[in-house]
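This report describes a protein model for a reader who is new to structural analysis. Please keep the sequence and the structure in view while reading.

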Amino acid sequence: RQVLVIHGPNLNLLGKREPEVYGATTLNDINDMLKKRASQLGLELTIVQTNHEGVMVETIQQAQDIFACIVINAAAFTHYSIAVRDALAAVSVPAIEVHLSNIYRREQFRHHSVISPVVVGQIAGFGADSYLLALEAASRLIRSE
Ligand code: DQA
């Protein structure tokens, strides 16, 4: 079964970007961890990183009929992109929302996610492990279908 992982804006800078918040792990490290775990779980992974809202919208639209689950860290788009939310609502592919940081113990403007109402659930605050936990959740979701 195929899982689509989407990394949003500025996540290409992980490792260099605010390491006190996001840790020293790079996006490549995270992707390697995900690929390793995916093969153990018998999942096929496609990984996309984009800094562009429109590309994120199109990536979600194209997931229809191809992917069994989407794991998405929409990064800053989480907090204001109605377009990303609408794209997630438009496809029938279940999505799991991921954040490295615990967005609820940070600035007020990060406390609200506009995508939470259209995803199955959210995992936040475990650093790079948030992604692994989300992949685990995706695997269970797919198996329970
Ligand atoms: C983030 C949290 C967002 O508030 C922020 O804009 C990000 C990363 C996280 O993974 O903790 O870019 O999604």
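## Burial and overall form

Of the 145 residues in the protein, 32% are buried; a residue is buried if 20 or more other C-beta atoms lie within 10 Å of its own, exposed if 12 or fewer, and partly exposed in between, with C-beta atoms placed from the backbone. The model is predicted, so local features need pLDDT of at least 70 and side-chain atom pairs count only at pLDDT 80 or more, while totals for chains, interfaces and linings use all residues. Residues are numbered from 1 along each chain as its sequence is written.

Along the principal axes, the C-alpha atoms fill a box of roughly 35 × 30 × 25 Å.

## Secondary structure

The protein contains 5 helices and 5 strands, where helices (H or I, at least four residues) and strands (E, at least two) are DSSP runs numbered from the N terminus. In sequence order, the pattern is β-α-α-β-α-β-α-β-β-α.

## Strand β1 and its partners

Two strands pair if DSSP finds at least two bridges between them. β1 pairs in the parallel sense with β2 (residues 44–49) over 6 bridges, and 5 bridges join β1 to β3 (residues 69–73), also in parallel. Val3 has Leu45 as its bridge partner in β2 and Cys69 as its bridge partner in β3.

## The nonpolar core

A nonpolar core is a set of buried Ala, Val, Leu, Ile, Met, Phe, Trp, Tyr and Cys residues joined through C-beta atoms within 7 Å. The largest one has 35 residues, and those touching the most other members include Val3, Val71 and Ile96. Elements giving two or more residues to this core include β1, β3, α4 (82–90), β4 (95–99) and α5 (129–143).

Two residues are in contact if their C-beta atoms, placed from the backbone, lie within 7 Å. Leaving aside neighbours within four places in sequence, Ile96 is in contact with residues including Cys69, Val71, Ile123 and Ala134.

## Around the ligand

The residues around the ligand include Asn10, Asn73, His99, Ser101 and Arg110; a residue is near a molecule if its C-beta atom, placed from the backbone, lies within 6 Å of it. This shell has 4 nonpolar, 5 polar and 1 charged residues. Ala, Val, Leu, Ile, Met, Phe, Trp, Tyr, Cys and Pro count as nonpolar, Asp, Glu, Lys and Arg as charged, and the others, Gly among them, as polar.
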